[in-house]
Amino acid sequence: VAVMSVMLAILSYIFWPQAKISDTVPDTIPEVTSTLAIVIVIVADPPCLVFYQKDKDIPVFDQTACASTYIDKYKAGYYSTLNVECRSSSDGQAVNRNDISGKRAKSLQFALLEKGIAFKDIKVKSLGDTSPYPGIDPDSADGKILNRSCEITGTIKQ
């Protein structure tokens, strides 16, 4: 993360000399995230996060614009598969965390099927709370919200 931030700062300095390096190097996690999103957009689509309410397995899918991007690119032949990784936050009952993660993965898989994605082209992985979203404290309020999500990525067709 730090290396990419410094590289972005150097490129900014070369192409926009009026910008100072201190103006372009992010200081906080949200700034790092937005800086990475800018870099990732140039190379590939950033992961799409589909969020869920606590202890629920119904995605807030229709309010997630990035999901449409993946669906449209899949239908246009850009992606061969859509990959779904679901997590659960640490604020639910421990016995239900893996179960709810699996239910979220299945519900998102069905939502993608309804949008016209072929079953064979949806790869689903349920992570439970064993693999919290990297770089964020899973016990913080933001960490719990972020870990109560599924991430959609695409495999570029070759």
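**Figure 1. Tyr-70 in helix H4 of the predicted model.** Tyr-70 belongs to helix H4, which spans residues 65–75. The structure shown is a predicted model. Tyr-70 is buried, because its relative accessible area of 2% falls under the 20% limit. Leaving aside residues up to four places away in sequence, Tyr-70 touches Asp-45, Pro-46, Pro-47, Cys-48, Tyr-79, Leu-82, Ile-152, Thr-153 and Gly-154. For one of these residues, Asp-45, the backbone oxygen is reached by the side chain of Tyr-70 at 3.2 Å. The C-alpha atoms of Tyr-70 and Cys-48 are 8.2 Å apart, although 22 residues separate the two in sequence.

**Figure 2. The aromatic cluster of Tyr-70, Tyr-78 and Tyr-79.** These three tyrosines form one aromatic cluster. The search of the whole structure finds 2 aromatic pairs. One of them joins Tyr-70 and Tyr-79, whose rings are stacked, with 5.3 Å from centre to centre and 20° between the planes. The rings of Tyr-78 and Tyr-79 also pair; their planes stand at 75° with the centres 4.9 Å apart, so this arrangement is edge-to-face. Tyr-79 is buried, with a relative accessible area of 3%, whereas Tyr-78 is partly exposed at 35%. The face of Tyr-78 also carries Lys-73, which lies over the ring at 4.9 Å from its centre.

**Figure 3. The disulfide between Cys-48 and Cys-66.** The sulfur atoms of Cys-48 and Cys-66 are 2.0 Å apart, and a disulfide joins the two residues. The bond links distant parts of the chain, since Cys-48 is in strand S1 (residues 48–51) and Cys-66 is in helix H4, 18 residues apart. The torsion about the S-S bond of Cys-48 and Cys-66 is about 70°, so the disulfide is right-handed.

**Figure 4. The disulfide between Cys-86 and Cys-150.** Cys-86 and Cys-150 form a disulfide in which the sulfur atoms lie 1.9 Å apart. Cys-86 is located in strand S2 (residues 79–87) and Cys-150 in strand S4 (residues 149–156), so the pair ties together parts that are 64 residues apart in sequence. With 110° about the S-S bond, the link of Cys-86 and Cys-150 is right-handed. Cys-86 is buried, with a relative accessible area of 0%, and Cys-150 is likewise buried, with a relative accessible area of 0%. The count for the structure comes to 2 disulfides. When the bonded cysteines are numbered in sequence order, the pairing is 1-2, 3-4.

**Figure 5. The overall setting of the close-up views.** The protein contains 6 helices and 4 strands. From the N terminus on, these elements run α-α-α-β-α-β-α-β-α-β. Of the 158 residues, 35% count as buried; Tyr-70 is buried, as is Tyr-79. Among contacts between residues at least 6 apart in sequence, 73% join residues at least 24 apart. The protein exposes about 9500 Å², of which carbon and sulfur atoms supply 60%.

Key. Residues are numbered from 1 along each chain as its sequence is written. This is a predicted model: local features need pLDDT of at least 70, side-chain atom pairs count only at pLDDT 80 or more; totals for chains, interfaces and linings use all residues. Side-chain values use heavy atoms; hydrogens and water are left out. Helices (H or I, at least four residues) and strands (E, at least two) are DSSP runs, numbered from the N terminus. Buried means under 20% relative accessible area, exposed over 50%, partly exposed in between (1.4 Å probe, protein chains only). Contact means heavy atoms within 4.5 Å. A polar contact is a pair of N or O atoms within 3.5 Å; within protein, one must be able to donate a hydrogen and the other to accept it, and residues adjacent in sequence count only if both atoms are side-chain atoms. Accessible areas come from the Shrake-Rupley method with a 1.4 Å probe; for residues, only the protein chains shown count as cover. Rings of Phe, Tyr and Trp (its six-membered ring) pair if their centres lie within 6.5 Å; planes under 30 degrees apart count as stacked, over 60 as edge-to-face and the rest as tilted. A charge sits over a ring if NZ of Lys or CZ of Arg is within 6 Å of the ring centre and within 35 degrees of the ring normal. A disulfide is a pair of cysteine sulfur atoms within 2.5 Å.
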